[in-house]
Each structure stands twice: as structure tokens, then as C-alpha cells.
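Hi there,

Here is the structure I promised to pass on to you. Please open it alongside this email, and I'll walk you through what turned up.

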Amino acid sequence: MPNTSVTPQSLPYWRLSSFYFFYFAVVGAMIPYWGVYLKSLGYSSQDVGVISAIILGTRIIAPNFWGWLADKSQQRLRIIRQGSALACVFFAGVLISQHYSWLVLVISLYTFFWHAVLPQFEVITLSYLGNQYQRYGQIRLWGSLGFMAAVVGLGLLFDFLPIRFLPVAILSFLILIWLSSLSLKAVPVQKTYESSQGFLSLVFQPAIICFLVASFLLQLSHGPYYTFYSLYLQEHYNYSSTATGLLWALGVLAEVAIFLVMPKIMHRFDVRSLLLATFLVTAFRWYLIGYCANWLWVLLFAQLLHAVSFGIAHSASIEIVRTQFKGTHQGQGQALYSSLSFGAGGAVGALMGGLLWDHSASLTFLVASLSSVGAFVIAFFGLHLRKPQAIDSP
């Protein structure tokens, strides 16, 4: 008997979308402004790199633990609610003290629970969509809108108020994530497809290993951008917080546009071709930012390429995980992809940026560009995916 899908009338579109909106509003507050906030406290570039790496590094362990627990317990929504609530509690510690060791402890605890949330919510979203999985991008785009609203709104705000108010804004968004999770009902647990292969045997297929390594290198290349782009614009080119926020928003606006048309793109091109194109475009983007940023039109064009370097890359990767990790392996598959790419890759990229930044910002982006080229080479020779198995029960 086939696994039933949720009808369009029962799809809680706005409740799913609101969760993505507030979750990525936190990201929109953290990524562009957290490094600026830490610099305002007197921390060095290396300190900024280390604390940013912790934010990403906990994503290596946390999603895999929570993904394993969610697959075993089938209590995904409960894990999301508890994870978002505890993330609020621990992040509030930033308001108590800004001492370096205290920040390291608080950020480590906060992100351990915050990273429990998104991979499991992706599984819930795909479960609600059922056979309408092509609509994923239409829901996920609200995360991009949340990011854009936060980055532009806070950019305008911080031209008038000091950056020290950033933790208050982040905590407000975290509370809204938790409230949004309370509005959802758990997806009924149904008889799911049971893979004849164990989870590790799926992971150690050559094509999956190449996919995960390429994803790691792609997100490593994003590490310096996410950690230092705002500082790059403000310290090297004297951009205001408003102008910086608008440049971030332009990239996310391009991302929103690509999410709207991703169903058509995915129907026309296979995921391997999409990823290969993504790796090359991303390498070109980092080179432009590193060596041609003195021309505003080049920065504008480079931000438009975010539609490819994140939007297409993420949609294609989610589709690979969806088709290659079925049934009871879905949560762990999403968590593994998240932890190795955004977690390990992002953390190594942030650390690399912290070590190279004061020496040469351009060199930092060149290394990022070469990392994306490496992802292309690995995927070109090794990313040959097996056809997805049918999910119908006998």
C-alpha cells in the first residue's frame, strides 16, 4: 500500500512557512552582524572566527544526535519544540555577560539545541508535502524572506542604534520560532518504507561520499562570506550598515526568485548537472568579491549569483537526500547532510577566514573560490547517483 500524501487542503502552508521565516530571521541577524557585534566588544578577527566556528561546529554533532533520536522515537515535533525552547533559554545568557569564555559556553549550548531544529523540520515539511514535494521551494522561500527582513531591518536600525542591541533582536526571533512550532500538529506516524540497506551502507556508497565531500567544500567556501562579508564591506570600502544590509538582501532576493521557479528547473535538469553548474558559478562569485569589490556593479552581480550558490545548490541537495535516504533513514540523512556541509564545512571555512583575514581578505576569498572548484572536480568524477527506489509497500 503506498504511503499516503497530504491533500492540498490539509497542507498547513502558512504555519510551515512562518517557522522558516523566523528561523532564518535568526540567521539573518547572526550572519551579517554577529562578527560586527563581536568586533564592537573588542575581539580580534581570530576570536570572531573561533566563535563563529563554534556556531557552525556544533552543527557537526547536534543534528546527527537529534536525527538519530527523532528517527528512533518518531517524536520530531516534540524535539523541535524542546530544542527551540532551550535555544531561547541558553542564548539569553549572552545578555548576562560578554566575557569571551562565557560567550563560548553560552553559544556552544545554544547552538547544540538550535541545530536540533531545522533538519527535523525539513522532514516534517516533506512529510506534509507528500507527493507535492516540488512545492518545497515555495515554502522554503519564506525562510529567505525572513532572512531578508532581518538583514535589512537591522541594517537600518543599527545606523541609529548601537550594535549592542543585536542579542535582544536575536532572542526575540528565537522566541517566535518556539511559538511558531506550537502552532503545528504532529504528522501522523504511518507505515514507512523500510530500506533493505542499513544507514551506514547507504552513506558509504561512492556517489554519496562524493556528494557529502563536495557539499562540505561548497559550504567551506561560504564560510568567509558568512563570517566576514559585512566587515569586508564596512572596513575595506566604508559601506554603511544600511548599504551592507541591502547587499545581503539582494542576494536573498535572488534566492527567493530562484525558489519560486525551482519546480520548473528541477523538472528540466537533473540534480547532478545543477550541482556541477553551482560549483563553478560559486567559484566565480568568490573571485569577483575578493578581487573586484571596488566596483559596486560587480558586488551587485555577485550577490545575484547567490541564487545559484545557495538557492539551486540547497534545493538540489535536499532532493538528493530525499531520494537517496528513504523512510526511517530520512531524519539521519538530512542531519548528516546538514552537519557535514553547513556544520563541518562552514566551521572550517570560518576558521580559515579567521586565520587568513588580517593577512589578506582577497586571498581568503581566493581560497574559498578554489574550494568550490575542488567540489566541482569531485562531483564531476564521482557523483553518479543510483535511481531512487520505489516507496510503495508490497
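The lining of the second largest cavity is made up of 7 nonpolar residues and 5 polar ones, with no charged residue among them. One thing to keep in mind as you read on: this is a predicted model. The volume of this second largest cavity comes to about 60 Å³. If you'd like to select its lining in your viewer, the residues are Phe211, Ala214, Ser215, Leu218, Gln219, Leu275, Phe279, Ala313, His314, Ser317, Tyr337 and Ser341. Helices α9, α11 (271-291), α13 and α14 are the elements that contribute two or more residues to this lining. The biggest contribution is from α9, which provides 5 residues.

Quite a list of helices gives at least two residues each to the lining of the largest cavity: α1 (13-40), α2 (45-73), α5 (117-129), α6, α9 (206-237), α10, α13 and α14 (330-356). Which of them has the largest share of that lining? That would be α1, with 7 residues.

Now for the charged pairs. The structure contains 2 salt bridges. In one of them, Glu255 pairs with Arg140, and their closest N and O atoms are 3.8 Å apart. This pair ties together distant parts of the chain, since Glu255 sits in helix α10 (residues 241-268) and Arg140 in helix α6 (residues 136-157), 115 residues apart. Glu255 and Arg140 are both buried.

The other pair is Arg322 with Glu319, whose side chains form a salt bridge with an N to O distance of 2.9 Å. Arg322 and Glu319 are about one helical turn from each other, because they are 3 residues apart in helix α13 (residues 306-324). Are Arg322 and Glu319 buried or exposed? Both of them are buried.

I'll start with two threonines.

Thr227 belongs to helix α9. It counts as buried because its relative accessibility is 8%, and the cut-off for buried is under 20%. The side chain of Thr227 comes to 2.9 Å from the backbone oxygen of Gly223. Setting aside residues up to four places away in sequence, Thr227 touches Val48, Ser52 and Ala350.

Thr282 is part of helix α11. Its relative accessible area is 0%, so Thr282 is buried. What lies 2.7 Å from a polar atom of the side chain of Thr282? It is the backbone oxygen of Thr278. When residues up to four places away in sequence are not counted, Thr282 touches Leu218, Ser221, His222, Ser309 and Ser372.

Next comes a glycine. Gly83 is located in helix α3 (residues 76-91), and with a relative accessibility of 4% it counts as buried. Apart from neighbours within four places in sequence, Gly83 makes contact with Phe113, Trp114 and Val117. The C-alpha atoms of Gly83 and Leu118 are 10.0 Å from each other, while the two residues are 35 apart along the chain.

Finally, please check the backbone at Asn238. This residue has a positive phi of about 60 degrees, although it is not a glycine. Where is Asn238 found? It is in the loop between α9 and α10. Asn238 is exposed, its relative accessible area being 66%.

Best wishes

Notes. Residues numbered from 1 in each chain as written. Predicted model: local features only at pLDDT ≥ 70, side-chain atom pairs only at ≥ 80, totals over all residues. Heavy atoms only, no water. Salt bridge = Lys/Arg side-chain N within 4 Å of Asp/Glu carboxyl O. Helix = DSSP H or I, 4+ residues; strand = E, 2+ residues; numbered from the N terminus. Buried < 20%, exposed > 50% of the residue type's maximum accessible area, 1.4 Å probe, protein only. 1 Å grid on protein atoms, 1.4 Å probe; cavity = no way out; pocket = protein on both sides within 12 Å on 5 of 7 lines; lining within 4 Å. Points joined across faces, edges and corners; volume = space filled by probe spheres on them. Nonpolar A, V, L, I, M, F, W, Y, C, P; charged D, E, K, R; others polar. Polar contact = N/O pair within 3.5 Å; in protein donor to acceptor, adjacent residues only side chain to side chain. Contact = heavy atoms within 4.5 Å.
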